[in-house]
Amino acid sequence: MVKMNSENTRQKLVTNAFSIDVEGFVESNVQSFHIPAKYINKAEEDREIELNINVLLEILDEAAVKATFFFVGRLARDIPTLVQKVAQAGHEIACHSYLHLRIFNIEKNEFKEKLTTAKKNLEDVSGQPVYGFRAPDFSITSLSLWALDILKELGFIYDSSIYPFSLHDVYGISDTEPFVHKLPNGLIEFPLSTIKFLGKRLPFGGGGYFRLYPLWLTRLFLSKLNKKGHSAMFYIHPYEAGPIVPQISPISNLRKFRHYYHCKNGQLRLKKLLQTFKFCPVVDVLSSIGLRQD
């Protein structure tokens, strides 16, 4: 009985990171879908992002939760007022590369050049330092570990790009540390959340996994992680909780299921999750465990 009460107390004290990967639906999936050019409309995409982010801001405000917004850097140029609005609401501004392109398909010099621009533009527009980075499609894999040294060189404090499992067709590093840790170069890695189940690490905690898993399972996994004293990394895309989800028809039924399932009731599911667990920006989690270095 004493052990049970101790675990419950520890869970209540653990705060999880809440993060949003800010890009449009087509922008997010263009490499996966091989989307025809006729479906790419930048003006409509930016309108989608802005309206969906406004809804997410209202949900977070209602729940009294601050979050980390990983902005694609081009948005500092294209919708600067949105970046400013998020920053003025007290949320952390972080970087999601300049364009939503997988890192392992980019040359090192190009990545460094574009990332330098993205970081500077986001900082200039938001008026706050950018400490964190997340690769599009979690594309820091064994093929692109070189990116971690570039992040350190450019002044980032932490990365949140690595999924510690290897069952996905695009991302994942199976033998990496599954919890927050410091890398040899001094950069902090806050990996995406996984949990050990039947000897395997399963991903959970946001995006497609939040939509595809029943809500009770996400809650169970989060609870188990918190009871062990670990903070989870939750993430979501604007279209997974906002009112606008563009319909792309020339994709397989499997991809339609993977990318549209539960988008319509994402707001309700998200509100329930926010009522159950404690969340805050990534930098605040790192501060609470003594890892943040300004």
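**Group meeting: a walk through the predicted chain**

Start with how the chain folds back on itself. Of the contacts (heavy atoms within 4.5 Å) between residues at least 6 apart in sequence, 78% join residues at least 24 apart.

Two notes on the source. This is a predicted model: local features need pLDDT of at least 70, side-chain atom pairs count only at pLDDT 80 or more, and totals for chains, interfaces and linings use all residues. Residues are numbered from 1 along each chain as its sequence is written, and side-chain values use heavy atoms, with hydrogens and water left out.

Now confidence. pLDDT is the predictor's confidence in each residue, from 0 to 100. The chain averages 86, and 82% of the residues score at least 70. Over residues 1-11 the pLDDT is below 50. Beyond near neighbours in sequence, that stretch has 10 contacts in the model.

Next, the overall make-up. There are 12 helices and 11 strands. These are DSSP runs, numbered from the N terminus: helices are H or I with at least four residues, strands are E with at least two. The chain has 294 residues, and 55% of them are buried. Buried means under 20% relative accessible area, exposed means over 50%, and partly exposed is in between, with a 1.4 Å probe and protein chains only.

What about the core? A nonpolar core is a set of buried Ala, Val, Leu, Ile, Met, Phe, Trp, Tyr and Cys residues joined through side-chain atoms within 4.5 Å. The largest one has 85 residues. Those with the most contacts inside it are Phe 18, Ile 20, Ile 53, Phe 69, Phe 71 and Phe 133. Helix H3, residues 42-63, gives the most to this core, with 7 residues. Take Ile 53. Not counting residues up to four places away in sequence, Ile 53 touches Ile 20, Val 22, Phe 69, Leu 82, Val 86 and Pro 238.

On to helix H6, residues 108-126. How far apart are its end C-alpha atoms? They are 27 Å apart, which agrees with the 27 Å that 19 residues should span at 1.5 Å a residue. That expected span is 1.5 Å times one less than the number of residues. Buried in H6 are Phe 111, Leu 115, Ala 118, Lys 119, Leu 122, Val 125 and Ser 126. They cover an arc of only 145 degrees around the axis, so they sit on the same side of H6. The arc is that of the directions from the helix axis to the C-beta atoms. The face turned away from the buried side carries exposed Asn 109 and Glu 113. Among the elements covering the buried residues are strand S2 (68-71) and helix H7 (146-153). Just after H6, Gly 127 takes a positive phi of about 75 degrees.

Helix H11 next, residues 266-276. Its buried residues are Gly 266, Arg 269, Leu 270, Leu 273 and Leu 274.

Last stop: Ile 244. Where is it found? Ile 244 is in the loop between strand S10 (233-236) and helix H10 (253-260). Why does Ile 244 count as partly exposed? Because its relative accessibility is 22%. Leaving aside neighbours within four places in sequence, Ile 244 is in contact with Arg 47, Glu 48, Leu 51, Asn 52 and Tyr 239.
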